[in-house]
Amino acid sequence: MGADNTPGCFSTYICVNKIQVYKIPDNIDLSLACVAEPVAIAMHTYKLCGGRTHDLIDGSAVIFGAGAIGLGHLIILKSQGVRNVYVVDPLEYRRSLALELGAAATFSNAGELVKKCELVIDCAGTIESFDACISVQQL
């Protein structure tokens, strides 16, 4: 949901299966609860990497998309010591936030990124970002 121009979950109503819903306990502040899902996605990706991010400490990674999920990935990679994390996002305010969170550099489009990266993460979910991920790996 929410990928490649399909409606996302920031709508008034949405239909999902019961297994996709979790009741937030009353003692959890909603401002914290709203980041649980994006952070969970970033943590899941990190786990799928199987700890191989340690091989990237002197290498580089690029994240396409600097929304909540992309920035979660950035924070995790930086916390694991990856020095060169690049972020591609068309929106300037998102690129600025990525720089504040430790991105080595940001770009408004993939064409500006001329470095091959050992890890590429697509958090934009568009055909264009998928194609850009492949092109970065082939530099």
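## Overall fold

The model is a predicted one.

Of the 139 residues in the chain, 31% are buried. Take the contacts in the chain with a separation of 6 or more: residues 24 or more positions apart account for 55% of them.

## Surface

The chain exposes about 9,100 Å². Carbon and sulfur atoms supply 60% of that area.

Part of the surface is a nonpolar patch. Its members are Tyr22, Ile24, Ile28, Leu30 and Leu32. Together they have about 560 Å² of accessible area. Tyr22 sits in the segment before helix H1, which covers 30–33. Is Tyr22 buried or exposed? Tyr22 has a relative accessible area of 67%, so it counts as exposed; the cut-off for that class is over 50%.

## The salt bridge

How many salt bridges does a search of the whole structure find? The search finds 1. It links the side chains of Asp89 and Arg94, with a distance of 3.5 Å from N to O.

Asp89 is buried, because its relative accessibility is 2% and the limit for buried is under 20%. Arg94 has 28% relative accessibility, so this residue counts as partly exposed. The partly exposed class lies between the buried and exposed cut-offs.

Terms used:
Residues are numbered from 1 along each chain as its sequence is written. This is a predicted model: local features need pLDDT of at least 70, side-chain atom pairs count only at pLDDT 80 or more; totals for chains, interfaces and linings use all residues. Side-chain values use heavy atoms; hydrogens and water are left out. Buried means under 20% relative accessible area, exposed over 50%, partly exposed in between (1.4 Å probe, protein chains only). Contact means heavy atoms within 4.5 Å. Accessible areas come from the Shrake-Rupley method with a 1.4 Å probe; for residues, only the protein chains shown count as cover. Patches are made of residues with over 30% relative accessible area and no salt bridge: like charges are joined within 9 Å, nonpolar side chains (Val, Leu, Ile, Met, Phe, Trp, Tyr) within 5 Å. A salt bridge is a side-chain nitrogen of Lys or Arg within 4 Å of a carboxyl oxygen of Asp or Glu. Helices (H or I, at least four residues) and strands (E, at least two) are DSSP runs, numbered from the N terminus.
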